[in-house]
Amino acid sequence: MSDISIDARGLTRRFGDFTAVDAITFEVNEGEVFGFLGANGAGKTTAIRMLIGLLEPTAGSAMVAGHDVATEPEAVRRHIGYMSQRFSLYDDLTVRENITLYGGIYGLRDSEIAERMHTLLGRIGLEHARNELVRKIPLGWKQQLAFSVALLHGPRVVFLDEPTSGVDPITRRRFWEMIYEAAAAGTTILVTTHYLDEAEYCDRISIMVDGAIAAMGTPAAVKASFSVSSLDEVFLRLTRSGVVA
Amino acid sequence: MSAFAAFVRKETYHILRDRQTLWILLLMPLVQVLLFGYAVRTDVHDIRLAIVDPTPNVASRALVQRFASSSRFQVVGVYPTTESLDRGFREGVLRQAVVLPRNVDRALLGPGPISIQVISDAADPNTGSIMQAYAGAVIQRWHAESAPPVALGVRIDLTTRMRYNPTLESVNIFVPGLIALVLTIVSAMMTAISITREKETGTMEMLLVSPLRPSAIVVGKVAPYVVMGFLNVLLVLGAARVVFHIPLRGSLTLLLAECLLYILTSLGLGIVISSRARTQRTAMIAALAGLLLPTLMLSGFIFPLDSLPLPLRVISDIVPARWFLAIVRGVMVKGAGLASLWPETVILMGLTVLLLTIGAKRLSVRLD
Amino acid sequence: MRTILFLMRKEFLQVFRDRATVFQIFFIPVVQLLVLSNAATFDIKRTALAVVDEDRTTVSAGLVRRMEGGGRFTVAILQPTTAGIEQALLDREATAVLHIPRGFEQMLVRERHAPLQLQLNAEEGAAAGIVQTAAQAVVTDYARELGASMSQTPRVVRGAALDLRAQGWFNPSRNYKHFMVPALLVSLTTIIGLLLTAQNIAREKELGTLDQLNVTPITKGQFITAKLLPFWLLSLLIFAIGLTMGKVVFGIPTRGSVPLVFLSAAVYLVVALGIGLWISTFTNTQQQTMFVAFFIMLIYLLMSGLFTPVDSMPRWAQLVAQANPVKHFVFIMRSVLVKGAGLETVATPLIGLAVGGAAVLTLAVRRYSKQTS
């Protein structure tokens, strides 16, 4: 029985009359790669923001890395990593400076920072660009760098919000290898994406439609439940009928 | 043409949707005019004055009386010596002191001059000069009327008429200045930030790829702000009229037309700034830090233009606000028409064209 | 602690890498200080005078010469009729009009007194009062002279001429720059410091990097400190440079303790920059931030006594001005530098500033929430 890294119960968020996230309930196990799918505007980003403590839930609760996001946000923050849609690295700082900054913020010692930086850059192949401004690095590398920085302090859970937007297929592939590596080492990964082929890479997925979870399970199980052979089809069925399963 | 219209529409929605900014933009100048109208006075009054009179007599008491009955002054006390003056000034109890010689009544008869000393707290020499002038005027009048009978000397009665602003109302002087200041900063800043923001976020490139020409992009970006600026003017003018009853002796149409012209001038300024700025921060610092104080100080807003030394007068002549302020004051306070104000208007137009041309050209270069 | 250092390092790197900003924050204050210090005065240099001389005698001509001779007036128009004079005033060709009536000389000789009319363009307000006094002085002197030359019997007792001696209390040289330079310095440092601080956070919000920081274990206190300190240091540096320039270029006095001035600057800047921080907790975009900043700055500057005297404000406004940190800092600067005052005199405003700083920072920290509700 593995530990549950993310435990959402009836998590809801309303903005005035509009319900962005409608009482979603799901669990993610330790070391799982969980795909959080849905069309644009389905509520994925809002849900993630609640899970990482940036947005207060209107109703419901969630536990991340064993801590309640509403009552113990600080504890949660120590154990999670985050990569936002815009990569959130400082454009006007160099690769090295970004890594040093986040390392320091998470309390890593200077020696640890140096060591991890070396490994990280070596793995991505950015060693030569150590002193380049992030602004000048190609998108694919920026994305890999952002992911690595999210992992720098060894978090238990990592949230990735549309990490592969605008990136070429080869780089996307390489990126998912990095995800698998991290998962294999015990890190739980929750990734949102609207690339359905990437969904196949996940251990389990959920599909959000209009703020609620319309389908959840392993990719195979989900396809089977709709009697279709591709997730594309599942998606079309769900969004066309607006059904909440 | 329809691509342009669509673009302008997008920009307008952009602004209208940003409720917070909208409120700030419209409300702020209003609050400012109300606040400053009530609170800020360029004039000096209630000057705390001490009079040193070693030998009080009829003549000297007459002078004290004049000061006491003047609403400009507040006679703190009449002292026999200058001893307590020092402490009075230091503690701020005193702003000014008049020191009379001994036996004023005899001194007035001559033959030598009668020497009266006026000491003003000149730590703030601006108000110092004004206090000086007021005290001097009181003493001059007293002297003219206390001197021996007219038959023995010659008297020239100088009467002064203050034109256009007989009561020297601060508000009348201030509100036009405030309009100029707010329009300058708001229009220039808004434009500069708006354009630089597109540059920074990279959406400028998307616009450039569209069928819109660069000039159309700039115009489209800037158009809604012309409307905003104009709304601001209307609000401020309205408030000033209703609350403070400031005069509008000239043509309202002329005034609004000139305001429109000036909005364009400021927008031109904003465009020039944005053509050189790569980031919003640069644009902001250039517009706010670069324009605020110079506009306050070189446009005639507070400090009279006649007091500027020559080199600064030249600089002041290229500050657009200086011309606009003359126009607004002219129309509102003096009731002047285009017949009098055409030179200023032409200069303002010239500056506008210059700024817009330079700005547009520079911007196109950068964009292309 | 270490976290704060890491964050501060990032801020410094970001600012100093932006050449445009570095240039601006040093160039703008320096240039404006040098140039604008000469602008801030009510010392009317020359007034354009129109003279309508309906008399056209030697006496009237003498008066006109006298007016010009004093150096305060320039005769722009000299004509025998009032035709076009209204227009001249409207057009600003003349700021003042002196009307010498027909029969001026005759009246003076026969009746020993004559009227004279002066019209002043009062659209700029207080300046008019100064021009009036100057004109009055010339006229009085001229009358004195005429009386002397016209007097038949030398035995006649003549009245005493008025010798008005003007003196400034703390500024014997009446060098207005000694006041304005410190005031301008305060304004410039405040504008730049507040702007940088406020814009900084607004930018991170806009770019999304603030989210990234909010997800980390950084505490609110650490965040605010790291956002404040770098710009506080920069502002102090700008202040120091400005002060040095003031001393070297304008010779402003340093009669009191300079360390006290710096201490006050340090405390004041916490308040000023703290307000910038606080503003950024309300706004979402850089644009909004700038407008609110402008709004607040203008109020602070115009109600601080820098340009218009606080004493002239209505009672309630004077009370409100008590809450204006700029006012207190200017008072401290002026008292210490120009009047040579010591700690006893400035202790109250200084403590006030310190309390204000603590209050603003607390407000900013309170308002700053990583989590949106």
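**Salt bridges between chain B and chain C.** Three salt bridges (a side-chain nitrogen of Lys or Arg within 4 Å of a carboxyl oxygen of Asp or Glu) are counted between chain B and chain C. In one of the salt bridges, the side chain of R197(B) meets that of E206(C) at 3.7 Å, N to O. The model is predicted: local features need pLDDT of at least 70 and side-chain atom pairs pLDDT 80 or more, whereas totals for chains, interfaces and linings use all residues. Residues are numbered from 1 along each chain as its sequence is written, chains are lettered from A in the order in which they are written, and side-chain values use heavy atoms, without hydrogens and water.

**The interface of chain B with chain C.** Contact (heavy atoms within 4.5 Å) joins 119 residues of chain B to 122 residues of chain C. The two chains bury about 11100 Å² between them, 64% of it on carbon and sulfur atoms; buried area is the accessible area (1.4 Å probe) that two parts lose on being put together, summed over both.

**Strand pairing across the two chains.** Strand β5 (residues 155-163) of chain B pairs with strand β4 (residues 113-121) of chain C in the parallel sense, over nine bridges. Strands are DSSP runs of E, at least two residues, and helices are runs of H or I, at least four residues, numbered from the N terminus; pairing requires at least two DSSP bridges between two strands. R163(B) has N121(C) in β4(C) as its bridge partner.

**Overall fold of chain B.** Chain B comprises 14 helices and five strands.
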